[in-house]
Amino acid sequence: LPSHYQLPSGHQIPSVALGVWKATPGEVGPAVTAALKAGYRHIDDAWAYRNEEEVGKAIKDSGIPRDELWLTSKLWNTFHAPEDVEEALDDSLSKLGTEYLDLYLIHWPIAFKKGSNNELDVALTADPYPTWQKLEEMVDKGKVRNIGISNFNIARVKNLTANPLKYQPAVNQVELNFWNPQPELLAWARENGLLLEAYSPLGSNNQVKETLSVPEVKEIAGELGITPAQVIISWHVQRGTVVLPKSVTPSRVQENLQITALPEDLFDKLEAAAAAHPPKRVVNPSQSWGLGFDLFEDEW
Ligand code: A2P
């Protein structure tokens with residue numbers, strides 16, 4: 001299985017990252033330390049996770065040269081206005097203690113007015129191009145090496161890329177797991193040369209138990225002599241996506257980096273099992289944000 005993927009910029013992104021969403025204060029630093037020790041060179045963070053400072057400190061303490069690491073962060077919904085982008089980015093850079101990010105994503109295709117409590121900015125939600133142009137400027141300024149999107153459905157990707165972009169989105173980070181395998185999005189992304197990154201790859205905190213006890217997953221694990229989590233993480237990379245498993249448990253952090261190609265028949269079996277039930281999204285904030293529409297279903 002690939003240890004890296006090549007992006008349109010020519011940069012190589014490591015295929016497995018440590019995910020730190022829901023890693024709480026006091027546990028996220030040691031998790032990053034354990035990950036770097038285990039050989040991870042890719043950390044997937046976001047301004048909204050409120051842990052960039054602790055992550056940054058663990059990275060600094062590791063002594064690993066900056067250019068050997070891949071750091072991703074994300075622009076929060078309240079900073080989509082072009083005049084707010086650079087300040088938000090600078091805040092992430094300073095918290096992470098770095099001069100540049102390897103990848104900076106628009107966290108959600110939903111813009112809220114600055115300082116508001118989820119008050120939709122209709123114009124910037126309908127048309128993210130002004131936000132994107134500012135991100136392109138950040139590339140030219142050397143503050144980020146690659147820019148991408150997250151949680152964009154196909155219609156939203158098309159809506160953005162219909163503009164004369166200077167830089168195409170390097171990735172689209174989306175929920176992908178056994179319960180929500182999104183084969184159509186995956187096929188479309190592949191056809192269009194857009195790399196996907198799988199968040200909540202194990203089903204996130206509340207579904208991981210169910211994922212790891214799926215009969216096919218257990219069976220394949222037994223057959224190959226690997227753990228159920230390794231089956232799932234390997235499956236993601238074999239599907240051609242970056243995978244971002246989150247763990248704050250050092251032994252699991254280590255376990256999750258050991259991926260191995262599944263024999264074709266077992267891969268197909270797992271793919272079929274994932275497609276055999278109606279898809280169920282683990283993460284969807286549409287309701288809690290009071291959007292009045294499903295951000296994954298509707299265009300706006
Ligand atoms: P913990 O962080 O307590 O170790 P996802 O990556 O889909 O967001 O899933 C994260 C959840 O999966 C967390 O609850 C995490 O627990 C758990 N988890 C991560 N890796 C493993 C593993 N190898 N075995 C069992 N559970 C795991």
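Is the crossing of helix 10 and helix 11 left-handed or right-handed?

Tutor: The crossing of helix 10 and helix 11 is right-handed; a crossing has this hand if the near helix is turned clockwise from the far one by less than a right angle, and is left-handed if anticlockwise. The model is predicted, so local features need pLDDT of at least 70 and side-chain atom pairs count only at pLDDT 80 or more, while totals for chains, interfaces and linings use all residues. Residue numbers start from 1 along each chain as its sequence is written. Helices are DSSP runs of H or I with at least four residues, strands are runs of E with at least two, and both are numbered from the N terminus.

Helix 10 covers residues 228–238 and packs on helix 11 at about 45°, with 8 Å between the axes (lines fitted to C-alpha atoms over the stretch in contact, with angles from 0 to 180 degrees between N-to-C directions). Helix 10 is therefore oblique to helix 11; under 35 degrees counts as roughly parallel, over 145 as roughly antiparallel, 65 to 115 as roughly perpendicular, and the rest as oblique. Ala229, Gln230 and Ile233 of helix 10 meet Arg252, Glu255 and Asn256 of helix 11, where a contact requires C-beta atoms, placed from the backbone, within 7 Å. This contact has 2 nonpolar, 2 polar and 2 charged residues. Nonpolar here covers Ala, Val, Leu, Ile, Met, Phe, Trp, Tyr, Cys and Pro, charged covers Asp, Glu, Lys and Arg, and polar covers the others, Gly among them.

Ala229 leads on to the ligand, since it is listed with Leu202, Val208, Ser247 and Thr249 as the closest of the 18 residues around it (C-beta atom, placed from the backbone, within 6 Å). Helix 11 (250–257) and helix 8 (204–212) are the elements giving two or more residues to this shell. Helix 8 gives the most, with 4 residues. By class, the shell holds 7 nonpolar, 8 polar and 3 charged residues.

Helix 3 (residues 82–96) packs on helix 5 (residues 129–140) at about 45°, with the axes 9 Å apart. Helix 3 is therefore oblique to helix 5, and their crossing is right-handed. Their contact has 6 nonpolar, 2 polar and 2 charged residues.

Helix 9 (residues 215–224) and helix 12 (residues 264–275) have axes that come within 10 Å and cross at roughly 165°. This pair is therefore roughly antiparallel, and helix 9 passes helix 12 in a left-handed crossing. Glu216, Val217, Ile220 and Glu223 in helix 9 meet Leu266, Lys269, Leu270 and Ala273 in helix 12. The classes in that contact are 5 nonpolar, no polar and 3 charged residues.

Terms used
Contact = placed C-beta atoms within 7 Å.
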